[in-house]
Amino acid sequence: MQITRFVVNMIQENCYLAWDDTQEAVLIDCGAFHPEERKAISDFIAAHHLKLTHLLNTHGHFDHVFGAQFVHDTYGVDIELCADERETYEQAAQQMSQFLHLDYPLTLPPVGKYFKDGDIIKVGKMQFRVIETPGHTPGGVCFYEEKEHVLFSGDSLFRHEIGRCDLPGGNEASLIHALKTRVLTLPDDVQVLPGHGPATTVGEERGLNYYLR
């Protein structure tokens, strides 16, 4: 598996593109807002002769879905979310207006598929297991590729931090419980790729994350 990170939009969100030797590719949390960000992603996909087959989202906050319509229109690929994230996704434009004070016409495509905890999403030879980690949002998840020891943690887990839980639908106790019982049980060397900021590992978070001690 190969992974490229695109840091996008005014919130500096991490959008990840992952692919393997089958040339099938997946975008995770495409928050590309500006035209040049969208062009950078599409140019990369074209230059590497990739076939984009999935758009997976760890959750539905506005800064993670800015690019969903672009992906739908360009590649015919629909966004996939946890079933418990429907309301968060549908309110993304309202969230954006509230937190960024922007009157931007945010259009969102219909959700192509809702997944649940334990589902396996196959992209080429890659297999992403859905791990529900509610708390930042009601339907927040992580995606775990076991063979590669990589976890895409969205805004559930950051380097030495956890996601904020003071937004609508947030619950800090639920998030901490989910991370302790579902993420810290993974091997120490699992690389954690969060929705914002630098990468970390499960072992580092077990030892240094104040919230998870």
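This is a predicted model: local features need pLDDT of at least 70, side-chain atom pairs count only at pLDDT 80 or more; totals for chains, interfaces and linings use all residues.
Trainee: How many bridges pair β9 and β10, and in which sense?

Mentor: First, the words: helices (H or I, at least four residues) and strands (E, at least two) are DSSP runs numbered from the N terminus, and two strands pair if DSSP finds at least two bridges between them. Here, β9 (residues 141-145) pairs with β10 over 3 bridges in the antiparallel sense. The two form a hairpin with 4 residues between them, and H149 in that turn has a positive phi of about 55 degrees.

Trainee: What does β10 join through 4 bridges?

Mentor: That is β13 (residues 191-194), which runs parallel to β10. You can find L151 opposite V192 in β13, and G154 has P194 as its bridge partner there.

Trainee: How many residues of strand β10 are buried?

Mentor: Buried means under 20% relative accessible area, exposed means over 50%, and partly exposed is in between (1.4 Å probe, protein chains only). In β10 (residues 150-154), 5 of the 5 residues are buried, so the strand is largely enclosed by the rest of the structure.

Trainee: And which way do the residues of β10 point?

Mentor: The general idea is that in a regular strand the side chains alternate between the two faces of the sheet. In β10, V150, F152 and G154 point one way, L151 and S153 the other way, and all are buried.

Trainee: What is the strand order in the sheet that holds β10?

Mentor: It is an open sheet of 6 strands, ordered β7-β8-β9-β10-β13-β14, with mixed pairing. β7 (120-123) and β14 are the edge strands, each pairing on one side only.

Trainee: Is T200 buried or exposed?

Mentor: T200, in strand β14 (residues 200-201), is buried, with a relative accessible area of 3%. Contact means heavy atoms within 4.5 Å. Leaving aside residues up to four places away in sequence, T200 touches F158, R159, V190, Q191, V192 and E205.

Trainee: Let's turn to the sheet that contains β1. What is its order?

Mentor: This open sheet of 6 strands runs β1-β2-β3-β4-β5-β6, with mixed pairing. Its edge strands are β1 (2-8) and β6 (111-115), each pairing on one side only. Angles here run from 0 to 180 degrees between N-to-C directions, with axes as lines fitted to C-alpha atoms, for helices over the stretch in contact. From one strand to the next, the twist averages 25 degrees. Helix α1 (residues 35-47) packs on the sheet, touching β1, β2, β3 (24-28) and β4 (51-56), and its direction makes about 165 degrees with that of β1.

Trainee: Which residues touch the most other members of the largest nonpolar core?

Mentor: A nonpolar core is a set of buried Ala, Val, Leu, Ile, Met, Phe, Trp, Tyr and Cys residues joined through side-chain atoms within 4.5 Å. Of the 29 residues in the largest one, L17, L27, C30, I41, L52, L55 and V71 touch the most other members. The contacts of L52 include L17, L27, I45 and V71.

Trainee: Last one: which residues of helix α5 are buried?

Mentor: An α-helix has 3.6 residues a turn, so residues three or four places apart point the same way. In α5 (residues 92-100), the buried ones are A92, Q95 and M96. They fall within an arc of 100 degrees seen down the axis, so they line one face of the helix; the arc is that of the directions from the helix axis to the C-beta atoms. Their cover includes α2 (62-65) and α4 (86-90).

Terms used: Residues are numbered from 1 along each chain as its sequence is written. Side-chain values use heavy atoms; hydrogens and water are left out.
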